[in-house]
Amino acid sequence: MEQKLYYWLHRLYMLGLKIAAKVLPISKPTLFIGKDALKQLCHSVSIMGIDKVLIVTDQGIVKLGFAKKLAFEFERVGVHSAIYSDVLPDPTYDQVEAGLAIYREQQCQGVVAIGGGSPIDCAKVIAAGATNNKPVRRLVGLLKVWKSPAPTFVIPTTSGTGSEVTVAAVVSDPKTHQKTPVMDPKLVPIAAALDPSLMLALPAPITAQTGMDALTHAIEAYISCNATAETDRYALAAITLIDENLEKAVKFGQNATARQNMALASYYAGLAFTKASLGYVHAIAHTLGAKYGTPHGLANAVVLPHVLEFSKCAAEANMAKLSTALNLTNQYTPDREKAQALIEYVKTLQKTLDLPSHFEHIRHEHVNELARQSLHEARWNYPVPRYMEQEQCEKLILAIAASTK
Ligand SMILES: [Fe+2]
């Protein structure tokens, strides 16, 4: 009885979120794509009348010379810049405050992120902090960004997080190691530049992991109960682009076309999940990330087939449609087999990309806690097609932990 009540309350709450996603104005960043994208973005900043920007990045991007290149391009169009380059993976409140201090001291009028998900998330929160006169911690949560952030522009150098289009930015609390999201439609950047020349240096394992993150965004959005015709179109576009380009981008890193298409796939997957939301793959991946530091894309890659196996009895029709879109089966194949073909496709992709199928670092004595935390995250956040109980989640995590040796 209690379970049934929870089920209906949950469905009602998710319906509320679906309506909110439809009604709330969620803008899309203007997209510049191709080898001139960076220059075009700089030009668009200059014609907005912005005199000085804060470039937010990390040391890896500085070493590759990309931060200098960006500052040079800004200077060419008459925009001055200051650089904050101390962003670390999983940026903390302190890093946001440090960037914000430079923004104020240098009297910047806009924020430009260049790098992976961490610099982009950090930049989005710096921009929100610049206009909202309250401590960064008080921006955490849903709809806490009252005033429009400073103009924000992003140049992703990895293809996976989708942070360039999403309404969220994650900041970590260094004391509790908890990842706390700032969620507000105002956080969506004004423009994004997808320049493949900035992605050619990305190592193969990171390309594979971030690509699997984008694939997970698209699949979880597609089988979500809050999916709409619009989010389905974006998810399908992302999935077919990933199918055609991820292996090429991993094995032939200098293939600019594959890099650009993967960047576009990540952008589309971001547009899909920012409205349709995610599911248990992300809940479990976040928990593994918090407990063991498992990289996000890698965790998603390993967890995805297990959650699809669990969800297929409720998501069979949608999984079958994905299978058809990927040409895995013919039109006469029953939905059940089509759904199974999608799971096998993900497993094959894992092998092709040299990704593991299991995690030996999961300790059996942690499984109960890992399951509890994963379900806690999923409970009021994700419109999943099939609910998971504690025992089922523990079983799933044990299957992920099982060694094939
Ligand atoms: Fe993700």
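Which residue lies over the face of F310? Keep that in mind as you go through these points on a predicted model.

1. **A charge over a ring.** The residue to look for is R386, placed over the face of F310 at 4.0 Å from the ring centre. You can find another such arrangement at W146, where K134 lies over the ring face, 3.8 Å from its centre.

2. **Aromatic pairs.** The model has three aromatic pairs, counting rings whose centres lie within 6.5 Å. One of them is formed by Y234 and Y268, with 5.9 Å from centre to centre and 25° between the planes. This pair counts as stacked because its angle is under 30 degrees.

3. **Where these tyrosines sit.** Y234 belongs to helix α8 (residues 229-251) and Y268 to helix α9 (residues 256-276), so the pair links distant parts of the chain, 34 residues apart. Y234 is buried, at 18% relative accessible area, while Y268 is partly exposed, at 23%.

4. **A buried aspartate.** Now turn to the loop between β8 (179-183) and β9 (191-194), where you will find D184. D184 counts as buried because its relative accessible area is 2%, under the 20% limit.

5. **What D184 meets.** The side chain of D184 reaches the backbone nitrogen of V145 at 3.4 Å. A polar atom of that side chain also lies 2.9 Å from the backbone nitrogen of K186. Leaving aside residues up to four places away in sequence, D184 touches L143, K144, V145 and V167.

How values were computed. Residues are numbered from 1 along each chain as its sequence is written. This is a predicted model: local features need pLDDT of at least 70, side-chain atom pairs count only at pLDDT 80 or more; totals for chains, interfaces and linings use all residues. Side-chain values use heavy atoms; hydrogens and water are left out. Rings of Phe, Tyr and Trp (its six-membered ring) pair if their centres lie within 6.5 Å; planes under 30 degrees apart count as stacked, over 60 as edge-to-face and the rest as tilted. Helices (H or I, at least four residues) and strands (E, at least two) are DSSP runs, numbered from the N terminus. Buried means under 20% relative accessible area, exposed over 50%, partly exposed in between (1.4 Å probe, protein chains only). A charge sits over a ring if NZ of Lys or CZ of Arg is within 6 Å of the ring centre and within 35 degrees of the ring normal. A polar contact is a pair of N or O atoms within 3.5 Å; within protein, one must be able to donate a hydrogen and the other to accept it, and residues adjacent in sequence count only if both atoms are side-chain atoms. Contact means heavy atoms within 4.5 Å.
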